[in-house]
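Below is a set of questions and answers on one protein chain. Each answer ends on the value or name asked for.

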Amino acid sequence: MFTRILLVSAATLALAACSSVDLNEPDNNTIPRICNADNASHVTGKRISAELEQEARRSSGAGMIRVIRPGQMVTKEYRSERLNLQLNDYDVVVRAYCG
């Protein structure tokens with residue numbers, strides 16, 4: 001049994017050593033996209049829809065979007081890649097901001 005564990009461990013280490021991933025280079029998929037709310041300001045005054053959300057996200061360059069309705073609880077952590085769309089009681093965007 002011990003020999004089997006030793007062989008499996010040795011094979012795993014050998015395969016890991018052959019990896020072609022350079023751990024010193026950043027992975028482009030993990031670099032967050034920075035939000036620019038000024039580029040999404042054109043959505044204020046419009047009624048929210050899935051299409052408007054995606055347009056605002058694309059315009060701002062944000063990696064993610066959060067729609068905030070009146071009275072909705074939200075987390076306070078700052079996320080530079082997130083666009084927030086704050087709505088009024090009529091589902092109209094009153095503010096677009098990053099964070």
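Accessible areas here come from the Shrake-Rupley method with a 1.4 Å probe. The model is predicted.

Q: What share of the accessible surface of the protein chain belongs to carbon and sulfur atoms?
A: The accessible surface of the protein chain comes to about 7,300 Å². The part of this surface that belongs to carbon and sulfur atoms is 56%.

Q: In what order do the elements of the protein chain run from the N terminus on?
A: The protein chain has two helices and three strands. Read from the N terminus on, their order is α-α-β-β-β.

Q: Which elements give two or more residues to the largest nonpolar core?
A: The largest nonpolar core has 15 residues, and V43, I48, A56, L83, L85 and V93 are those with the most contacts inside it. The elements that give two or more residues to this core are helix 2 (50-60), strand 2 (82-87) and strand 3 (93-98).

Q: Leaving aside neighbours within four places in sequence, which residues is L83 in contact with?
A: L83 is among the residues with the most contacts inside the largest nonpolar core. Neighbours within four places in sequence are left aside here. The contacts of L83 are then C35, A37, A40, A56, R57, S60, A62, M64, I65, R66, A96 and Y97.

Q: Is N39 buried, partly exposed or exposed?
A: N39 lies in the loop between helix 1 (2-17) and helix 2. Leaving aside neighbours within four places in sequence, N39 is in contact with S59 and S60. Buried means under 20% relative accessible area and exposed means over 50%. Because its relative accessibility is 41%, N39 counts as partly exposed.

Q: What distance separates the C-alpha atoms of N39 and A56?
A: N39 and A56 are 17 residues apart along the chain. Their C-alpha atoms are separated by 8.0 Å.

Q: What is the relative accessible area of D91?
A: D91 sits in the loop between strand 2 and strand 3. Although D91 is not a glycine, it has a positive phi of about 60 degrees. D91 is partly exposed, and its relative accessible area is 21%.

Q: Which residue lies over the face of Y97?
A: Zero aromatic pairs are present in the structure. A charge sits over a ring if, for Arg, CZ is within 6 Å of the ring centre and within 35 degrees of the ring normal. At 3.8 Å from the ring centre of Y97, the residue over its face is R95.

How values were computed: Residues are numbered from 1 along each chain as its sequence is written. This is a predicted model: local features need pLDDT of at least 70, side-chain atom pairs count only at pLDDT 80 or more; totals for chains, interfaces and linings use all residues. Side-chain values use heavy atoms; hydrogens and water are left out. Rings of Phe, Tyr and Trp (its six-membered ring) pair if their centres lie within 6.5 Å; planes under 30 degrees apart count as stacked, over 60 as edge-to-face and the rest as tilted. A nonpolar core is a set of buried Ala, Val, Leu, Ile, Met, Phe, Trp, Tyr and Cys residues joined through side-chain atoms within 4.5 Å. Buried means under 20% relative accessible area, exposed over 50%, partly exposed in between (1.4 Å probe, protein chains only). Helices (H or I, at least four residues) and strands (E, at least two) are DSSP runs, numbered from the N terminus. Contact means heavy atoms within 4.5 Å.
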